[in-house]
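The following note comments on selected features of the model under review.

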Amino acid sequence: MADKIGVYFDEASLGGVLDIQKLVEGVQRKWGDLCPVVKIHPHLSSAEGRAMIQADIDAGAINAVCACGSSPRVEWEFYQFGPEILVDRVNLRELCTLCYNDPCGEPVVAGQTPELLQKMATDYVNMGIVKLQKANVPDGDMVEAVKHVLVIGGGWSGLTAALDVAKAGYAVTLVEKQDSLGGAAVGMYKTIPLRHPYDKAQNTGVEKKIADVQASDKIDVLLKSEIVSIAGAPGAYDVTLKVAGEERSLAIGSVVIATGWVPQETSYLKPLGYGKLKNVVTSREFEAMAKAGNIVRATDGEKPARVMFLLGFGDTLAPFAVKEEEARAAALAAADTKTKDEDEGPKTNFVKQDTYKHLLYSAELTSLTALKQANYVREFMPQGMAFVVYEHMMVPGINELYYKAAQNDPGVMMTKGVVNAVRDGGDGDIVVVLTDTLLGEKIELEVDMLVLPTAMVPTTALDPILKLQYRQGPAMPDLELFSGYADSNYICFPYETRRTGIYAAGAVRQPMTLATAEVDAAGAALKAVQCLESANRGMAVHPRSGDLSFPKFNLVRCTQCKRCTEECPFGALDEDEKGNPMPNTSRCRRCGTCMGACPERVISFDNYNVDQIGSMIKQVDVPDDMAVGGPRMLILACENDAYPALDMAALRGKKWSPYVRIVPVRCLGSVNTIWIADAMSKGTDGCLLLGCKYGEDYQCHFVKGSELCNRRMANIGETLGKLGIETERVQQLQVAIDEYDKVPAMIDKFVDDITKLGPNPFKGY
Ligand code: SF4
Ligand code: SF4
């Protein structure tokens, strides 16, 4: 427990606009013996500044550090003083001096501190001190981690991941369902360019990867094998495998799932002549012909001189899109009517071949594959002609160079257009009718062969690969019911699935090229290694990497209401027979959603708890008279997106109302409604919850946190109603990390709206 807090002010961060001496005196007066050391340093973030703090620690004068200056998001490591010393950084630079917007429009002049700005700083310093006072040093909860990674899938991504884990010095078991390694890459004639100058298709090099894996003494390859079950927890999984028909157990610490993709089913290609006209083939079939060195027409065995690659479907596939949307709506409606119990556990009831959607998702791959195969036409039939007809040519990033190389080939003709009809041209030829072309007219092209794209369908859409034997968090219907991709927070943590300890790589996660899959596999491999090493130290793996805190339960007060166990997004809380929560620390992400859910305040973290945040809120000095001291509003800001957005806004010179006080929270899911009730009952005029986006395109780092918070807002509204407080005084807004230019205006609008409502009726009580 922090009972000797050193408070340090960094003059350099505060730009001469705060009366720091006054802040020092305020701390000494208010906190007395709790803060035996209060110092100002001209440049705290310097070797001398750090040495000053370290000397106070070494002398036993303090056991916690409250550093007032820049944001905690900068120089984080610099302000670490060992595992026993608690540190809080009071963000007086970004969230106070830089963002200060004088209500009268007066500029802030050095040496003339506006009263409102000084009050703001005083509140923040007091909040920082009480935050430390209410914290304990987290002690971690270690798992004896098995330093062995399981890689499922022996294709390009799995081979790469296995090699990367082995290179890092860890043992790997590589499980492959087939009787040989290499997966889909083995069936490729060539790949789109992997290296500079990115203008030619090249050999995949998968044979070398296979040989490297086979030669590694750290990698145990199991062919004709599959997963029967995975039990246990990150760091200590108990895996049952079926190897060549026989069951086998394996102790492992983390998993990389790299089971790749399968080609889409082809029935929906019928309107485009597939199945009826023999020389209409899929890109997958065309690749196989190239691999066999024999690109010929099925009708006459002749080499096709004119080959069209069609990527523009117009309305031809519209009925499939409609059908799939209807299936989606029906499945979502069914999911909504499920009981909570049914909603747990892995789902297998998604539409297994959500073809139209997979085709859209695969657009980058199908575009690049068409370019690559147009090259094959030129290579196998040098006098031949390739036509690439596209609605949207998608070649992001460096692959633009590959597109340009194809454009420069006189034997490749590319045009924008959509297909109207495909019909038999006689003698095995095919007539393709196109509209909306760059030529501006309807055209008919007769070709020898028509190649239709093959969407990549993740293997997880067909079968549950992992067969996890422990509790899962509530499902995200958009992922589970439809596309079937291994779930992940694509934007922020691509390889990290919602199952801690399990990392997805390659096309099982999203359609991708071999080049992208290689990077992806390296990321997943490193995450798998990080998981072992974090579990071993009792730390969170992600997104709060290195966090030693974990939820602790004072079960004496528990009413077994199961809110925490049901709302944990990661299924990290089991229940005993009475309904008491049973935590699994290595599955836990330390988001605090359980803490936010608990009505009895049973759950706390050593360094983050209901009492702590509640006490911080109490440190905000709320003027009794709004007309004299102005309103006061509380912002609970998610520290993953909203808080960095605020920091970035301030650093870019954006300003916002000085009437708000910002408290960072781990996730809006961790917000306990008691904080809001307390704030409102002490006269705070409004409370704004700033968190990540939720819903289908969620960006919440803890998947469900901001969504759950939104649901809890209904309860908050009820509570406010009972207190006779307008419900608009509490609002939740969604902010993405890159919306730093918008967030100041969001705050100011909120402040304006609340100010118009007038003072909180509880003011002054
Ligand atoms: S902190 Fe988050 S992940 Fe851990 S048990 Fe609570 S809700 Fe689950
Ligand atoms: S939410 Fe709180 S009271 Fe309910 S089961 Fe969990 S710990 Fe117990």
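In the class counts below, Ala, Val, Leu, Ile, Met, Phe, Trp, Tyr, Cys and Pro count as nonpolar, Asp, Glu, Lys and Arg as charged, and the others, Gly among them, as polar. The model is a predicted one.

1. Ligand 1. The shell around ligand 1 holds 13 residues, of which the closest are C568, C588, C591, T593 and C594. By class, this shell around ligand 1 divides into nine nonpolar, two polar and two charged residues.

2. Ligand 2. Ligand 2 is surrounded by 14 residues. The closest of them are C558, C561, C564, C598 and V602. The shell around ligand 2 comprises nine nonpolar, two polar and three charged residues.

3. Packing of α1 and α4. Two packed helices are described by the angle between their axes and the distance between the axes. For helix α1 (residues 20-31) and helix α4 (residues 115-133), the angle is about 45 degrees and the axes are 11 Å apart. Angles under 35 degrees count as roughly parallel and those from 65 to 115 as roughly perpendicular; α1 and α4 are therefore oblique to each other. Their crossing is right-handed.

4. Residues between α1 and α4. Which residues of α1 meet α4? On the α1 side they are K22, L23, G26, V27, K30 and W31. Their counterparts in α4 are Q118, A121, T122, V125, N126 and I129. The contact of α1 with α4 is made up of six nonpolar, four polar and two charged residues.

5. Helix α19. Is helix α19 (residues 642-651) mostly covered or mostly uncovered? Helix α19 is mostly covered, with eight of its 10 residues buried. The buried residues are A642, Y643, P644, A645, L646, D647, A649 and A650. They pack against two further helices, α3 (93-98) and α22 (743-757), and against the strands β27 (633-638), β28 (660-665) and β29 (686-691). Just after α19, G653 adopts a positive phi of about 85 degrees.

6. Residue I398. Where is I398 placed? I398 lies in the loop between β15 (385-390) and α12 (400-407). A residue is buried if 20 or more other C-beta atoms lie within 10 Å of its own, and exposed if 12 or fewer do. I398 has 13 C-beta neighbours inside 10 Å and therefore counts as partly exposed. Along the chain, I398 and Y198 are 200 residues apart, yet their C-alpha atoms are separated by 7.4 Å.

Key. Residues numbered from 1 in each chain as written. Chains lettered and ligands numbered in written order. Predicted model: local features only at pLDDT ≥ 70, side-chain atom pairs only at ≥ 80, totals over all residues. Axes fitted to C-alpha atoms, helices over the stretch in contact; angles between N-to-C directions. Helix = DSSP H or I, 4+ residues; strand = E, 2+ residues; numbered from the N terminus. Parallel < 35°, antiparallel > 145°, perpendicular 65-115°, else oblique. Left-handed = near helix turned anticlockwise from the far one by under 90°. Contact = placed C-beta atoms within 7 Å. Near = placed C-beta within 6 Å.
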